[in-house]
Amino acid sequence: MTVAAGIKTLKIDDRDFSARAQETILDVARQNGIFIPSLCELKGLSEVGACRLCLVEIKGSNRLFPACVTPVEEGMEVTTNSERLQRYRRSILELLFTERNHVCSVCVSNGHCEMQTLAQKLEITHVRFPYRYPKAEVDASHQRFVVDHNRCILCSRCVRVCDEIEGAHTWDLKGRGIHVRVITDLDEPWGSSETCTGCGKCVHVCPTGALFEKGRSVAEMMKRRQFLPYLTLMREDRE
Amino acid sequence: MSKLKLATVWLDGCSGCHMSLLDLDERLLAVAEKAELVYSPLVDQKIFPNGVDIALVEGAVSSEEDLDKIQMVRERTKTLVSLGDCAVTANVPGMRNPFGVRAVYARAYRENVTLEPGIPNDSVPRLLPCSRPVHEAVPIDVYVPGCPPSADTIFYVIGELLEGRPPEICAKTRFGA
């Protein structure tokens with residue numbers, strides 16, 4: 001097979017692009033500076049389409065497609081920013097705010113939070129849906145880290161980084177629908193987890209203040225992600 | 001030209017938004033040239049007047065008194081501004097919501113009280129089951145998130161509204177700002 005056979009040409013927002021066959025719409029958009037929001041996608045981790053914020057339109061279908069898990073196809077015509085998509089994105093993000101107790105003003109991640117930043121970028125000044133105010137736990141049993149379920153958006157980055165990069169698979173998801181929670185081991189306190197290596201990767205990939213280092217107060221938790229592309233690159237080299 | 005009527009209202013909040021308003025400092029004089037402050041916790045006026053042009057509301061709707069008050073304010077106001085995260089999201093006052101109002105009363109009036117513990121049934125407004133954003137109680141015209149919104153943001157918002165323009169606030173403030 002020639003290289004050319006593995007190349008797909010497609011249109012995104014009426015501009016022509018070529019991409020490798022295994023690339024997703026989101027890959028191509030990111031490489032070319034086209035803004036598609038996402039809170040669960042993180043370069044270096046597998047894509048799961050959890051947050052639904054990267055939904056795009058593809059000509060010929062009424063369905064919306066999550067750009068992070070939709071591979072490019074020859075002749076595809078993608079729209080990333082229609083009025084309908086903007087409306088849905090805003091609604092999805094607003095619903096994320098209602099689902100847990102995101103109190104930005106007293107959050108460790110205030111000012112460094114991907115969700116907060118995205119809300120501003122999408123020009124969300126208020127949430128039109130009623131807040132749920134669920135009772136959510138805070139597990140501070142770990143020696144160095146805390147999980148605050150009030151701030152969790154179930155992006156599953158912690159689950160993926162722990163499984164795919166650290167290889168420990170301490171994190172997982174339990175429950176269905178509105179009752180889903182991230183858990184450590186078989187839903188045991190994080191502090192008594194036998195698989196957790198204490199590496200802290202989960203903390204630093206978390207887009208909000210759901211996972212943070214102990215001792216951080218309001219607005220003090222800065223996430224450092226530099227390790228992720230580096231580790232991924234090193235592993236690709238070895239393969 | 002007659003001055004526009006400006007009011008500010010303090011519901012369930014920490015007064016930080018009003019402090020931020022006072023941080024306008026000498027710019028308050030510029031506001032005073034165009035608007036008359038007809039009602040506010042900062043002035044000695046007991047009753048919210050009719051025909052208010054712009055009202056800034058700080059705080060969440062947490063008690064029966066808050067609810068009555070904001071409904072009256074809405075009726076008497078042309079442009080109602082939800083000012084600050086407590087008004088816009090219920091913010092910190094809303095943190096009691098997951099626990100339920102009985103637990104809140106018990107904590108405040110029984111568990112932490114040594115002298116005659118008991119839940120008051122007069123003199124203190126009765127709490128609503130949940131502390132809610134203002135726009136869940138009445139329609140809002142302008143939203144200004146922030147905890148608190150900066151003096152610059154408030155000055156910009158008031159300035160635009162006094163000129164009859166809808167303020168574009170997204171670049172200036174956000175939740176938790």
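## Sheet of chain A

Two strands pair if DSSP finds at least two bridges between them. On that basis, this predicted model holds an open sheet of 5 strands in chain A. The strand order is S2-S1-S5-S3-S4, and the pairing is mixed. Strand S2 (15-20) and strand S4 (64-66) of chain A stand at the edges. Each has a single partner strand, so one side of each is left without a neighbour in the sheet. Neighbouring strands of this sheet are turned by 40° against each other on average, with direction ignored.

Strand S3 (residues 55-58) of chain A pairs with S4(A) over 3 bridges, in the antiparallel sense. One bridge links Val56(A) to Phe65(A) in S4(A). S3(A) and S4(A) also form a hairpin, with 5 residues between them. Gly60(A) sits in the turn and has a positive phi of about 100°. S3(A) pairs with strand S5 (residues 77-79) of chain A as well. That pairing is antiparallel and runs over 2 bridges. Here Glu57(A) stands opposite Thr79(A) in S5(A).

## Domains of chain A

The contact between them takes 14 residues of domain 1 of chain A and 21 residues of domain 2 of chain A. On the domain 1 side, the residues divide into 10 nonpolar, 2 polar and 2 charged.

## Ile92 of chain A

Which helix holds Ile92(A)? Ile92(A) is found in helix H2 (residues 83-99) of chain A. Ile92(A) has 16 other C-beta atoms within 10 Å, so it counts as partly exposed.

Leaving out residues up to four places away in sequence, Ile92(A) touches Arg52(A) and Leu53(A). Val108(A) is 16 residues from Ile92(A) in sequence. In space, the two are 23 Å apart, C-alpha to C-alpha.

## Fold of chain B

The secondary structure of chain B comes to 6 helices and 7 strands. From the N terminus on, its elements run β-α-α-β-β-β-α-β-α-α-β-β-α. The C-alpha trace of chain B spans about 55 × 35 × 30 Å along its principal axes. Chain B has a radius of gyration of 17 Å.

Among contacts in chain B between residues at least 6 apart in sequence, 80% join residues at least 24 apart.

## Sheet of chain B

Chain B holds an open sheet of 5 strands, in the order S2-S1-S3-S5-S7. The pairing is parallel. Strand S2 (35-39) and strand S7 (142-144) of chain B are the edge strands, and each pairs on one side only. Neighbouring strands of this sheet are turned by 25° against each other on average, direction ignored.

Strand S3 (residues 52-58) of chain B pairs with strand S5 (residues 77-83) of chain B in the parallel sense. The pairing covers 6 bridges. Within this pair, Leu56(B) stands opposite Val81(B) in S5(B). Helix H6 (residues 151-162) of chain B lies across strand S1 (4-10), S2, S3, S5 and S7 of chain B. H6(B) runs at about 165° to S7(B).

## Contact between the chains

How many residues does each chain give to the contact? Chain B gives 22 residues and chain A gives 19 residues. On the side of chain B that touches chain A, the largest share comes from helix H4 (residues 85-89) of chain B, with 3 residues. The residues of that side of chain B divide into 12 nonpolar, 7 polar and 3 charged.

Methods:
Residues are numbered from 1 along each chain as its sequence is written. Chains are lettered from A and ligands numbered from 1 in the order in which they are written. This is a predicted model: local features need pLDDT of at least 70, side-chain atom pairs count only at pLDDT 80 or more; totals for chains, interfaces and linings use all residues. Two residues are in contact if their C-beta atoms, placed from the backbone, lie within 7 Å. Helices (H or I, at least four residues) and strands (E, at least two) are DSSP runs, numbered from the N terminus. Ala, Val, Leu, Ile, Met, Phe, Trp, Tyr, Cys and Pro count as nonpolar, Asp, Glu, Lys and Arg as charged, and the others, Gly among them, as polar. The radius of gyration is taken over C-alpha atoms; the globule rule is 2.2 Å times the number of residues to the power 0.38. Axes are lines fitted to C-alpha atoms, for helices over the stretch in contact, and angles run from 0 to 180 degrees between N-to-C directions. A residue is buried if 20 or more other C-beta atoms lie within 10 Å of its own, exposed if 12 or fewer, and partly exposed in between; C-beta atoms are placed from the backbone.
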